[in-house]
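Hi,

Here is the structure I promised to pass on.

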Amino acid sequence: MTQQIAVVTGAGGGFGAAITQALLDVGYAVAATDLNAQALHDLRAHLQQHPRLSTFEMDVTDAASVEQAAQAISQSMDGVITVLVNNAGIIGRAYCIAEKSIDLSRQVIDVNLTGAFNCTAVFSRYMARNKYGRIVNIASVAGIWGAAGGAAYAASKAGLIKASESWARELGPLNISVTAVAPGICKTNMLNKFVDEEAQMSADEAKLVKSIVPVGRWGTPDDVAEVVTFLATCKTNYLNAAVIAMDGGMRVGTL
Ligand SMILES: NC(=O)c1ccc[n+]([C@@H]2O[C@H](COP(=O)([O-])OP(=O)(O)OC[C@H]3O[C@@H](n4cnc5c(N)ncnc54)[C@H](O)[C@@H]3O)[C@@H](O)[C@H]2O)c1
């Protein structure tokens, strides 16, 4: 049977590493891509140079870089590209009144939204050749609720949800299903940066988490990887255009 290749963006980060590991565990060859070469180096070491893991430097905001990485993946790896996980993302705090926030806002939208456009455009072409593909986009509950001080982040994730639904319509006839996962708060480098700015959260974190998350804990990269793996390996193409919020039930409150 032909080896299936899963492409993961932002693979050197918290979710990306867990998703890479989970997809290797279920038998995929994984093309782990990231802007950060050191993070890819650490990932290879963490996964003990797994024989089905290949790493590629790729900047999702740069269409030429994505095209180059796609060519390198298809030339150097055995198999067919069947899965894309658009996971690369950044968070940026930019208050609309207090700061001149437009540069940061643009950067957030460029990575989180334009990045997914670049990758989907290139990798869906590879999937279309075999009339099979699964694209999973990592959005956020911020894309459903909004986020104070995070308008660009929330807008980028809301945009990614609507892009997922649109791509699901376009690519569905080619047997490429497109879904989105909208995680709640999970402890990764990204969140630590965010939380550092909120001193009161670290002071009484246990109380806080119990008061806002029904399951009584923050999420983990493994929680997200579990759902992404389900979507990536799902045999039926009838699961298309789904948006799965996974936030421990935070959205419905703890009352
Ligand atoms: N951590 C959370 O609580 C949380 C919640 C909801 C959604 N998310 C989303 O999950 C995804 C992963 O987040 P994480 O928590 O693992 O963050 P992280 O900071 O640990 O990892 C993000 C990775 O993306 C890479 N990256 C950044 N810009 C890039 C670019 N231009 N090209 C390629 N790679 C780039 C970084 O190098 C990093 O390795 C993001 O899209 C984020 O918005 C995170």
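To start with the side chains: is D223 buried, exposed or partly exposed? D223 is partly exposed, with a relative accessible area of 23% (buried means under 20%, exposed over 50%, partly exposed in between, using a 1.4 Å probe and protein chains only).

Before I go on, a word on the source. This is a predicted model, with local features needing pLDDT of at least 70 and side-chain atom pairs counting only at pLDDT 80 or more, while totals for chains, interfaces and linings use all residues. Residues are numbered from 1 along each chain as its sequence is written, and side-chain values use heavy atoms, leaving out hydrogens and water.

Salt bridges

There are four salt bridges in the structure (a side-chain nitrogen of Lys or Arg within 4 Å of a carboxyl oxygen of Asp or Glu). D223 takes part in one of them, with R217 as its partner and 2.8 Å between the closest N and O atoms. R217 is partly exposed too, at a relative accessible area of 41%.

Another one joins E165 to K162, with the closest N and O atoms 2.7 Å apart. Both residues sit in helix α6 (residues 151-171), three residues apart, which is about one turn of the helix. Helices (H or I, at least four residues) and strands (E, at least two) are DSSP runs, numbered from the N terminus. E165 is partly exposed, with a relative accessible area of 25%.

R106 also forms a salt bridge, with D103, at 4.0 Å between the closest N and O atoms. R106 and D103 are three residues apart in helix α4 (residues 102-130), so about one helical turn separates them. Both of these residues are exposed.

Nonpolar cores

The largest nonpolar core has 31 residues, and I73, I81 and F123 have the most contacts inside it (such a core is a set of buried Ala, Val, Leu, Ile, Met, Phe, Trp, Tyr and Cys residues joined through side-chain atoms within 4.5 Å). The elements giving two or more residues to this core include β1 (4-8), α3 (63-76) and β4 (80-86). Helix α4 supplies the largest share, eight residues. Leaving aside residues up to four places away in sequence, F123 touches V7, M58, V66, A70, I73, I81 and L84 (contact means heavy atoms within 4.5 Å). Apart from this core lies another, of 30 residues, A32, L47, I138 and V228 among them.

Cavity and pocket

The count comes to one cavity of 30 Å³ or more. On a 1 Å grid over the protein atoms alone, a cavity is a set of points where a 1.4 Å probe fits but cannot get out, a pocket is an open set with protein on both sides within 12 Å along at least five of seven lines, and lining residues have an atom within 4 Å of a point. Grid points are joined across faces, edges and corners, and a volume is the space filled by probe spheres set on the points.

The largest cavity has a volume of about 40 Å³. Its lining includes T9, V60, N86, V111 and I138, and α4 gives the largest share of that lining, four residues.

The second largest pocket has a volume of about 200 Å³. Among the residues lining this pocket are M1, Y28, Y132, T233 and K235.

Cheers
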